[in-house]
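Please read the following report beside the sequence and the structure shown here.

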Amino acid sequence: MQVTKEDENLCYGHFINGAGKDFLAPSINEEGANVIPVISPATNQPVLHFYESSLDDVDDAIQAAHDAFHARDHDNNAWSHHSQITRRARVLTAIADRLRDNTERLADLEVREIARPKKEMRFQLSRLPEWFEYFASLIRVHEDSVKPFGAGYLNVAQRVPLGVIAQITPFNHPLLITIKKLAPAIAAGNTVVVKPSELAPASIVEL
């Protein structure tokens, strides 16, 4: 799906715990809302709008990520548990598939926001699903290691998830830099709160 002229009247909100809050609202005139324009560097004109996040929105996002990290499946295993590696790999692969299906629209959004050439952005975004696919493959074959340490010692290096990860991403390559951080964080069993640049938030929210 391509970005259309009508998209200029849409206002992006927050995507928290699998649900949109004020997401793609049909009007930018909602009373009491602090709406911020996204200005195109090419035209110096607003091309999209988004609702500013409140402290409550930030707290809600962090709490949702915390709850997701500690949530248990029917076997009482958390998302981060080693038994969930296959599940995480499937999620990463599914994200890659959805991303590949929506490359054209996401590239058009980034062209609109940051004014980079369309050909460049479509090529760049066409490679991004590979990050999710790579880490999906990596975690399926990952093994902990035993490092040489000295007589009488056993030194085991074990990688474990940290929990809730906060990612602050820049404006110049929104999806590229976000995904380079997001894919390994999810693969490792973390949950993530992403704060996109206020200069180019749309493609991240749609992701």
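Valine 35 has tyrosine 51 of strand 5 as its bridge partner. Strand 4 and strand 5 run antiparallel and are joined by five bridges. Helices (H or I, at least four residues) and strands (E, at least two) are DSSP runs, numbered from the N terminus. The model is predicted: local features need pLDDT of at least 70, side-chain atom pairs count only at pLDDT 80 or more, and totals for chains, interfaces and linings use all residues. Residues are numbered from 1 along each chain as its sequence is written, and side-chain values use heavy atoms, without hydrogens and water.

Three strands form an open sheet of mixed pairing in the order 1-5-4, where two strands pair if DSSP finds at least two bridges between them. Strand 1 and strand 4 are the edge strands, each pairing on one side only.

| Strand | Residues |
|---|---|
| Strand 1 | 11-12 |
| Strand 4 | 35-39 |
| Strand 5 | 46-51 |
| Strand 8 | 164-168 |

Valine 164 lies in strand 8 and counts as partly exposed because its relative accessibility is 33%, between the two cut-offs of 20% and 50%.

How values were computed. Buried means under 20% relative accessible area, exposed over 50%, partly exposed in between (1.4 Å probe, protein chains only).
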